[in-house]
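This briefing describes one protein structure for a reader who is new to the subject. Please keep the sequence and the structure in view while reading.

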Amino acid sequence: YYSMEMSAQQLASRIVAKSTEVSARTSLYDRLSDDEFKKLYDGSLALKNLPIYFDEDSKISFVKICQSIRRLVKKVGVKVVFLDYLQILANGRGDNREQMLGDMARDLKRLAVEHDICIVALSQLNRSGDRDKEPSLANMRGSGQIEEACDIAVLIQRPKKDNERVNIYLAKGRNIGTGKATVKFN
């Protein structure tokens, strides 16, 4: 898992929070009750041996992330990579951000094919202010180039009027088609 926004500690806290129902904010910043401490301790032990890797050293450049992915595939057999998120990696790198995002998306696709792995690259949507409007691939920042390179594009929408449901749009699905589903948000 490569995050340009969060530390490994914050990400791990979120994973433990999900399995223990003790919020990540509480575990990181608040005084814990004995019950919360026990839940977090037990949850941490249960997750300790899961094959999840956070690489904080790769925040510097896209090239270092690609090198790290290759190393982890060879060393520990990583099969799924999460990259959160593409637009941060393209900050401050020349005039044509869309072209840069496209180059990165194509490089990630080549890497995935080369090593037979799944790479999930998160991307921001342009925010129009109307959260109830159905999102489309055109809302993805730098979308033309990213859309071309990806096999599957999933868009997620949390409408303002309903805090318990999330709309999931399969906007592009090479060889699988497209569709929409509404799921409960937990």
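**Overall organisation**

Among the contacts in the protein with a separation of 6 or more, 49% are between residues 24 or more positions apart. The model is predicted, and the points below are grouped by topic.

- The protein contains seven helices and six strands.
- Read from the N terminus on, these elements follow the order β-α-α-α-α-β-α-α-β-α-β-β-β.
- The protein has 186 residues, and 34% of them count as buried.

**The largest nonpolar core**

- The largest nonpolar core consists of 25 residues, and Tyr 2, Ile 69 and Leu 83 have the most contacts inside it.
- At least two residues of this core come from each of helix H4 (62-76), strand S2 (80-84), helix H5 (86-89) and helix H6 (97-115).
- Helix H4 gives the most to this core, namely six residues.
- Leaving aside residues up to four places away in sequence, Ile 69 touches Tyr 2, Val 81, Leu 111 and Ile 117.

**The three-stranded sheet**

- An open sheet is formed by three strands in the order S4-S5-S6, with antiparallel pairing.
- Strand S4 (152-157) and strand S6 (179-184) each have a single partner strand, so one side of each is left without a neighbour in the sheet; these two strands stand at the edges.
- On average, neighbouring strands of this sheet are turned by 25° against each other, with direction ignored.
- In general, the strands of a sheet pair through backbone hydrogen bonds, either parallel or antiparallel.
- Here, strand S4 and strand S5 (residues 165-173) run antiparallel and are joined by six bridges.
- Within this part of the sheet, Ile 152 stands opposite Gly 173 in S5.

**The second largest pocket**

- The second largest pocket holds about 310 Å³ of space.
- Its lining is made up of 18 residues, and those nearest the centre of the pocket are Tyr 1, Ile 52, Tyr 53, Val 80 and Phe 82.
- Helix H1 (8-20), H4 and S2 are the elements that give two or more residues to the lining of this pocket.

How values were computed. Residues are numbered from 1 along each chain as its sequence is written. This is a predicted model: local features need pLDDT of at least 70, side-chain atom pairs count only at pLDDT 80 or more; totals for chains, interfaces and linings use all residues. Side-chain values use heavy atoms; hydrogens and water are left out. A nonpolar core is a set of buried Ala, Val, Leu, Ile, Met, Phe, Trp, Tyr and Cys residues joined through side-chain atoms within 4.5 Å. Buried means under 20% relative accessible area, exposed over 50%, partly exposed in between (1.4 Å probe, protein chains only). Helices (H or I, at least four residues) and strands (E, at least two) are DSSP runs, numbered from the N terminus. Contact means heavy atoms within 4.5 Å. Two strands pair if DSSP finds at least two bridges between them. Axes are lines fitted to C-alpha atoms, for helices over the stretch in contact, and angles run from 0 to 180 degrees between N-to-C directions. On a 1 Å grid over the protein atoms alone, a cavity is a set of points where a 1.4 Å probe fits but cannot get out, and a pocket is an open set with protein on both sides within 12 Å along at least five of seven lines; lining residues have an atom within 4 Å of a point. Grid points are joined across faces, edges and corners, and a volume is the space filled by probe spheres set on the points.
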